[in-house]
Amino acid sequence: MQREDRERELGETQFARELRGQLETQASSVARARQPRRSRLVVALVVGIAVAIVLGGVALAGGLEPLRKTIWPTNEQGHTYGKAPLAKSVEDEPDLIAVASDGKKGYCYKTDLYGPAPSFRMPPGEVSDYNAAGLRGHAVPKYESDGTTQIGVFWLGGPGSAGGGKSGDGSEYEDTADAHGTIITTKKAADGAITITREALDGSTTTNAAADDPSLLRLSKAERPVTWREITLWFRDVGPTHPALTSSEPVAPDWLVERMSAAAREAGDPKATARWTLQYRRCAAPFEGEAALASEEVEYSLVWIAILHGDFTRQLTSAGASPAAAGSYGWIYLLLDKDSHEVISEGASATPFDTSLFRLQGRTALGEK
Amino acid sequence: MGEQGGRRDEELLVASGRRPDRFVALYDRMLPGLLAYFVRRTLDAQVAADLTAETLAEAYASRRRFRDRGEGSASAWLYAIAAHKLARYLRRLRVEDAARSRLGMERIELGVDDVERIEALIDFEHVGREVRDAFDALRQDQREALRLRVIEGRSYREMAKELGCSEETARARVSRGLRRLAAQLDG
């Protein structure tokens with residue numbers, strides 16, 4: 001059979017019929033429900049002209065071959081900025097990429113958004129920890145288009161983000177994180193069985209069949225997702241803010257409370273409050289300093305990060321801070337090895353701590369036990 | 001071509017702004033070529049079907065933005081969307097479903113017959129020779145990543161464990177390897 005004939009036959013596949021049916025449904029529902037409004041048409045015209053200008057270039061460049069480069073505006077630093085979807089390729093994307101978060105538009109450096117991803121060979125046991133930290137998320141600075149005026153942060157990962165795929169055994173899975181750092185994996189086995197696994201920050205794991213999952217059972221029958229896809233989307237898009245999500249805020253493990261309590265006592269306030277998380281060490285760079293990140297292995301190692309707030313005036317003033325600042329803003333940090341739990345770095349500061357950089361758990365009141 | 005037979009693609013696409021049923025007529029004309037475009041670039045029937053559906057959903061949702069710039073402009077417009085979807089797929093190795101989700105369109109799983117019909121478009125012998133040459137020219141880490149992902153069908157989670165890297169890095173190696181392969185095969 002000729003290639004053209006084979007191609008024509010694609011229109012007779014079941015897929016083609018089903019997709020056609022879906023589009024027909026769209027068309028008929030729109031025809032019934034919508035009368036175009038003048039204002040909509042004006043907006044569509046303006047947007048259409050803008051798109052046509054861009055795509056006109058594509059057509060002029062040879063029909064199907066898109067242009068290789070986009071002409072981006074440039075700021076005073078010489079950095080290009082704009083919206084990534086307008087780029088013709090990954091390489092073509094501007095230095096500062098437009099983002100919107102907290103209802104405010106801004107720009108993030110491409111280098112902050114995309115990497116650098118670690119290139120070293122990670123021990124197999126650390127890979128899932130690394131991916132879990134990515135799902136729990138961390139913030140990158142968000143700027144005006146000048147690339148220097150910071151106007152907030154943009155979250156990478158965090159609740160609502162997901163990763164997944166298909167395993168060699170035919171099962172499909174998707175991972176997402178909730179606001180408390182718990183990784184939720186929805187999995188559909190080859191035989192159709194759906195399970196939901198939760199891995200808490202301390203590594204404890206629970207697995208339930210979808211029919212027995214406590215979060216889903218709390219939903220009314222009408223709103224309860226049924227298929228794997230529906231369940232996956234629910235955990236990703238609805239779950240993080242839904243009161244039925246039972247993943248409660250984790251309690252700091254005893255060993256961590258002990259370490260944090262000891263540090264608080266030494267710094268002068270045994271009743272300090274503590275917040276904590278498990279993240280890449282590079283996330284601590286804003287207060288630990290870039291110099292601590294001697295290698296990629298160190299940069300991407302997982303560490304427990306604890307931030308303690310309290311009256312650390314004595315320690316901070318002895319380190320040179322003014323008594324007023326030390327009393328108002330005193331905080332200390334601890335970085336602890338993920339497995340050995342040994343303190344690998346600690347420090348103190350009398351300047352306010354930007355808590356927006358992390359999704360910290362707690363607040364754990366020390367000295368109450 | 002039915003009752004729309006005498007109309008140009010561009011006329012159908014413009015008319016579909018007010019009469020969405022015209023888009024269905026355009027769909028009949030465009031589907032085979034679009035599906036073939038994707039299957040020859042991804043060599044995966046299900047991925048090609050997903051990309052086709054997502055492209056058409058995006059085109060349907062954006063149809064009022066199209067402006068008739070003459071013969072061939074409807075096709076260029078549609079394939080620009082297709083090329084963008086393909087680029088994003090090659091970068092992330094995941095077909096997005098944003099346009100279909102917005103329209104409430106469900107993913108269509110291919111049956112065995114459809115897979116065979118679609119894969120019949122691929123001249124595997126010819127592709128095989130070219131792929132082998134292009135594959136040999138790849139970097140070692142990309143070759144390894146493609147072997148695990150494409151030949152052995154491993155998940156990114158499994159690949160990351162085997163290669164001792166993150167899932168992101170495994171994805172990036174496969175993506176770069178596929179892009180390089182695609183560039184060599186296109187060239």
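Thr197(A) in strand S9(A) is the bridge partner of Thr185(A). This pair belongs to an antiparallel arrangement in which strand S8 (residues 183–188) and strand S9 (residues 194–199) of chain A are joined over six bridges. Strands (E, at least two residues) and helices (H or I, at least four) are DSSP runs numbered from the N terminus, and two strands count as paired if DSSP finds at least two bridges between them. The structure is a predicted model, in which local features need pLDDT of at least 70 and side-chain atom pairs count only at pLDDT 80 or more, whereas totals for chains, interfaces and linings use all residues. Residues are numbered from 1 along each chain as its sequence is written, with chains lettered from A and ligands numbered from 1 in the order in which they are written.

The open sheet of chain A consists of five strands in the order S6-S7-S8-S9-S10, with antiparallel pairing. Strand S6 (162–166) and strand S10 (205–209) of chain A each have a single partner strand and stand at the edges, so one side of each has no neighbour in the sheet. From one strand to the next, the twist averages 15°. Helix H7(A) lies across S6, S7 (172–177), S8 and S9 of chain A and runs at about 170° to S8(A); such angles, from 0 to 180 degrees, are taken between N-to-C directions of lines fitted to C-alpha atoms, for helices over the stretch in contact.

A separate pairing in chain A involves strand S4 (residues 138–143) and strand S5 (residues 150–156), which run antiparallel and are joined by six bridges. Within this pairing, Ala139(A) stands opposite Trp155(A) of S5(A). The two strands form a hairpin with six residues between them, and Gly147(A) in the turn has a positive phi of about 75°.

The largest nonpolar core holds 103 residues, of which Met260(A), Ile305(A), Ala306(A), Leu308(A) and Leu35(B) touch the most other members. Helix H2 (residues 21–42) of chain B supplies the largest share of this core, 13 residues. Apart from this core lies another of nine residues, including Ala139(A) and Tyr143(A). A nonpolar core is a set of buried Ala, Val, Leu, Ile, Met, Phe, Trp, Tyr and Cys residues joined through C-beta atoms within 7 Å. A residue is buried if 20 or more other C-beta atoms, placed from the backbone, lie within 10 Å of its own, exposed if 12 or fewer, and partly exposed in between.

Ser248(A) is located in the loop between helix H7 (228–238) and helix H8 (254–267) of chain A. This residue counts as exposed because Ser248(A) has 10 C-beta neighbours inside 10 Å.

Chain B contains 10 helices and zero strands, and 45% of its 187 residues count as buried. In helix H6 (residues 112–119) of chain B, the buried residues include Asp114(B), Arg117(B) and Ile118(B). These residues cover an arc of only 95° around the axis, which puts them on the same side of H6(B); the arc is that of the directions from the helix axis to the C-beta atoms. The exposed residues Val112(B) and Glu116(B) are carried on the face of H6(B) turned away from its buried side.

The mean pLDDT of chain B (the predictor's confidence in each residue, from 0 to 100) is 82, and 90% of its residues reach 70 or more. For the complex, the predictor gives an ipTM of 0.71 and a pTM of 0.52.

Terms used: Two residues are in contact if their C-beta atoms, placed from the backbone, lie within 7 Å.
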